[in-house]
Amino acid sequence: MANPKDAVKEKSMIIQKEMLAKQFNDLSKAKETGKKVCYTFVPGNLIELILSFDMLPVYPEINALQSGMRKKSGGYIKDAEKMGHSEDVCTYVKCDIGMMLNGNIGPTGEKLPEPDLLLLSYTGCFTFLKWFENLNRLYPNAEIAMLHTPYQEDGKITKEQIDYMVKQLKEEVLPKFEKVSGKKFDSARLSKLLSNSVQSEDYWVKVLQLAKIKPSPIDAYFAGVYYMGPINTAFRGSDECLEYYKELYHEIKDRAEKKLLPVTPEGEMQKERFRLVVEGPPNWTNFREFWKIFYDMGAVIVASTYTKVGGVYDLGYRQNPEEPLESLATYCMGCYTNLNLPQRVDLIEKYVKEYQADGFLINSIKSCNSFSAGQLMIMREIEQRTGVPVGFIESDLVDPRYFSYANIKNRLESYFQMLEQRKIILSQESVTV
Amino acid sequence: MSKYYLGVDLGSTTSKAVIINEQDEIIGRGITNTRANYSVAADIARDEATYNARFSILKKNLEKEIISKPEYKKYISDLESVFQYEQFKIKLDKLGDELVKTCNNFFKNDEQKNEILGHLRNIRKAFKPKIKHDYLYNNLGEKNQFFRDIVSEKYNEEVNKLEMALFEPLMTVWDKSISPAENERIKFDFKELVHKAMVELKEKYKNLPDTVAENESINFDAEMNLLKGNFDQVSETLRSHIDDIADLEFHIENMTGTGYGRALLPFPQECIRSEILCHAFGAHAVFPDTRTVLDIGGQDTKAIQVDKYGLVTSFQMNDRCAAGCGRYLGYIADEMSISLNELGPMAMEAQKEVNICSTCTVFAGAELRELTNLGEKREDILGGLHKAIIMRAMSLIARSGGVFNEFTFTGGVARNPAVIKYLTQLVRDNYGNDITINIHTDSIFMGALGGAMFARRNISADLPSNKKTQEAIQ
C-alpha cells in the first residue's frame, strides 16, 4: 500500500515501500521470468499457498483502492459504466474493470500481467463471484479455481465445514495450482510459510493492542490500513513480512513509551480528545480529507473492523503449520465479513470496552453489501450494550461521486460535538451527584 | 443589568434568531429568509430578535398595569406591527433606489427607460397603501412575512395588470434588483422608528370608524374598542416606558451560531455548534421528557434521540437527497401555483391520500401533473404528498432507533397542519397510542433556542472573551 506523502518516514515504512516496489517490479517482469500470476481477493486469501507455488498474487480490490487514492477511479468507473455496468454495481469491480480496459496499468505505473489463475477463495461476498465471471470474460485463457467458503451462520466453524473446504482444496484448488504452475504441491514448504505467518500475526496483534494505551500511539484505522497491508495481501508467510511487523511493533512500542500520539499526514497529533471504534471500510477517493476531519478534531480510531478483513487474529486464531490445509480452511472462514452479525456485535463490543472508546462510528459504504448489511442493527446493539454515543455516516469506496464532503463533515462535526457535550455534562453531573 | 443570550440558526431556507434571559425564557424572536449573503441574513434575524425583545421587555415592565388595562397590551402589539412597517418602508425605499439604478444601467434606449421608470413609480404607488394597510391592521396573518415575499407578491400582482409586453422588462429589472437590495443590511434607529410608529398609530386610531362594523376589513376587537377615544392618554402614559426600552442598553452576554450555514457566521469558532445538538437541546428544554426529536427543515430531516439531559445519543439524517424536506413542499407549492402556507390547509381537505413517490422532488412534480390530468383532486394529491413526506421521515426515525416517549416535532415544516396530522397518525400507528407528541408554536425557533441555551450554559466553560465577539454582537 502507498505511504502517506510528506509523513515522517519510519523504518517500517521504508521496508513496506521496498516490499511493494519489488512486488510490482516482479509482476511487471512476470512474462520474462516465467512466473505465473494469480488474481485473488483479500478476504480469505490463500497467500501462503500461492507463494508455495512460486506464483505472484494480484489483488484487484487493492488496485481499485489504489486507483481511488490516485484519483483515477472516477474515470475507470465511467468506462465500466459505458460497458454496461449499472450505477449500483460495487465500485471496486467497476474501477478494476475500468483499469483493465485502460491497459491494466498498476499503482506503480507499470503494466500488470494478465492472470494465469483466477483464484476465488472467499465466496462470502457474492459480488466476488460476479467480479470473477467478468474477469473470466476479459481473460478467457486463465484457469479458474473456486473455493466455496461456508458462512459462519451459527457463529462457529464446525469440523464438517473444515472437511468440506479441505476436500475442495484437495480436489479443486491444488490440481489447478499444479496445472498452472507446473509444480507439485509442497506441503512442507506451505507449513514453513505458515509458521512464518504465525509469527507475523503475533506481532500484528501486539501492534493493534498498543492502541489500548491512553493516549493511543497509533490510529488503528487511517494508519491501520497501511499497517495491515503486508499481512493482508501479498506477503503473509514471507520473511520480509515478519521483519516488517517486528520493526513496526518496536517502533510503535517506542512511540508508546515516549507517550507520542499517532502520526498523520500533517505530523504528529498533539492531543487525543476522542477515542473511537470504527466499523466499515474507509473512503479512498478522499482518504486524506476524510482522515483530516478526524485528526483536526483530535479523534483517534483505536480499533476498527476493517483492518480485520484479512483475518481476526486478535480473537486468537493463528495459522497451524501442523495441519496446513485445515489451517487454510479455518482461515478463510474466519475473516471478518464471514462472521455472523452477533459475532460482529460481540467483537465490536469487546473493542469498545477493551480499548476504552468514547464512541462508535459506522462508515456505511454504498458499494459494499458485505459490510453494510446489518449495520443499523449493529449500531443499536452497541449503543445498548456499551452506552457510548454512536454515529453513522455514508460514503463509498472508490466512486468520487458518492463522497459529499460537506455532508460528511456536517455529520462528523455534530457527532464530535455530541461526544464533547456528553463529556462536559456528565462530568458536571458526577460532580453534583 | 439583565443578561441576555443569543442563538442564531442559519438554515438553508430561513434564518432564525432567539434571545433568552437568564431564566431561559424567550424574549425575542427574529426570522428572515436565508439569502446569498448569509451574514446579512443572520444580522437581520438577530436585529429582529433584538427589536422583538425590546417590545417583550416593555410588556414585561408593564406586566402589572396590563392586567388592569388591557388596552396597553393592544397598543404595544399594534405599535410593534407599525414599527415593522416603518422598517419595511425604509427597505422599500432601498429597493426603489435599486430598481431605478438597474433601470438606468439596463435600458440603453431612453424612451424605454422612461417608460419602465414610469411603470415602476405607478406600481409602487399602487401597492404601498395596500401593504401599509396590511401591516396596520394585522392582515398579513398566516402569510409569509418576509420582505422579499411580500413585495414580490404585490409587484407580481401589479405587473400582471399591465400589458404582456411589459412583463419581461419589468421582471428582469425586478430580478436584477431584489437580490442586491436584500443582501444589504440596513441599520435602523430603533428610537426614531418607534417614535414614527407612534405618530402613525395615532393616525390609525384617530381614523377609526365610529362603529367597528362599518369597516369589515378591521376585525372586531374589544381591546381596540377600549383604545377608541382613549389612545392619546394611553400613548402619553406609555411614552416614557417606550423611551426606556428604546434607550435600554441591550447586552448579549454570550451567543451560539448553528444551522447549515453556521461555519459562515461571523462568530468565533467556540460559539458555533451543530444544529442537531441545538434542536435536541431546545426541544428538550421546552419539553423536558422528550426522548425522540424529529426536525424537518428546508433541506434536512433529522431524527434525533436524546437522553434525560437533552444530550444527543444518536441521530440519523437524510443523505444525498433532500426530497421530503421543506424545500420539497416549496417546490410542490410552486408547481401548483399556490403559496407554501396554503399547502397544508388544502391537504387537510383531502378525502383520501393519492399514492405519491417521495424519492425525488422533481419527479414528484411530474407525478403531480400526471395525477391532475387523470382527474385526481388537488386536495387528495396534496394529502398523498404530505403522507409521503412523513413516511420518509418515519423510515429515518426507525433508523435512528424508533420513537420513545415523549416525541417532539420541530423545524419550519412543523407549522404545516397536514404534516402534523399524518405524523401523529403514523407515529401512533407505529409506536402506539401512549406516545405523547409535542409540537410547540415556536417549533421553527427550536434550533436557535437550543443555541441560546447552550450560550447561557457554557458561559463559565468557554466564554469567548476576544474582541471579535464583541464586534459581532454590535
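Predicted model: local features only at pLDDT ≥ 70, side-chain atom pairs only at ≥ 80, totals over all residues.
Residues are numbered from 1 along each chain as its sequence is written, while chains are lettered from A and ligands numbered from 1 in the order in which they are written.

**Figure 1. Overall make-up of chain A.** The secondary structure of chain A comes to 18 helices and 10 strands. Helices (H or I, at least four residues) and strands (E, at least two) are DSSP runs, numbered from the N terminus. Along the principal axes, the C-alpha atoms of chain A fill a box of roughly 75 × 50 × 40 Å.

Figure 2. Domain 1 of chain A puts 38 residues into the contact and domain 2 of chain A puts in 30 residues, where two residues are in contact if their C-beta atoms, placed from the backbone, lie within 7 Å. On the side of domain 1 that touches domain 2, at least two residues each come from helix 4 (60-69), helix 5 (73-82), helix 6 (91-101), helix 8 (159-181) and helix 9 (187-209) of chain A. That side of domain 1 has 22 nonpolar, 14 polar and two charged residues. In these classes, Ala, Val, Leu, Ile, Met, Phe, Trp, Tyr, Cys and Pro count as nonpolar, Asp, Glu, Lys and Arg as charged, and the others, Gly among them, as polar.

**Figure 3. Backbone details in two loops of chain A.** A:Pro215 is placed in the loop between helix 9 and helix 10 (224-227) of chain A. The peptide bond joining A:Lys214 and A:Pro215 is cis, with omega about -5°. A:Lys259 is found in the loop between helix 12 (239-257) and strand 5 (263-264) of chain A. Although A:Lys259 is not a glycine, its phi is positive, at about 60°.

**Figure 4. The contact between chain A and chain B.** Chain A gives 18 residues to the contact and chain B gives 17 residues. On the side of chain A that touches chain B, the elements giving two or more residues are helix 17 (375-386), strand 10 (390-395) and helix 18 (405-432) of chain A. Helix 18 of chain A gives the most to this side, with 10 residues. By class, the residues of this side of chain A divide into seven nonpolar, five polar and six charged.

Figure 5. Chain B has 17 helices and nine strands. Its radius of gyration is 24 Å, close to the 23 Å that the globule rule gives for 474 residues, so chain B is as compact as a globular protein of that length. The C-alpha trace of chain B spans about 60 × 60 × 50 Å along its principal axes. The domain assignment of chain B gives domain 1 (62-249) and domain 2 (288-439), and the C-alpha centres of these two domains lie 34 Å apart.

**Figure 6. Helix 4 against helix 5 in chain B.** The axes of helix 4 (residues 110-136) and helix 5 (residues 147-161) of chain B come within 10 Å and cross at roughly 130°. Axes are lines fitted to C-alpha atoms, for helices over the stretch in contact, and angles run from 0 to 180 degrees between N-to-C directions. Helix 4 and helix 5 of chain B are therefore oblique to each other; angles under 35 degrees count as roughly parallel, over 145 as roughly antiparallel, 65 to 115 as roughly perpendicular and the rest as oblique. B:Ile123, B:Ala126, B:Phe127, B:Lys130 and B:Ile131 in helix 4 meet B:Ile150, B:Lys154, B:Tyr155 and B:Glu158 in helix 5. This contact has six nonpolar, no polar and three charged residues.

Key: Domains from an automatic or database assignment. Rg over C-alpha atoms; globule rule 2.2 N^0.38 Å.
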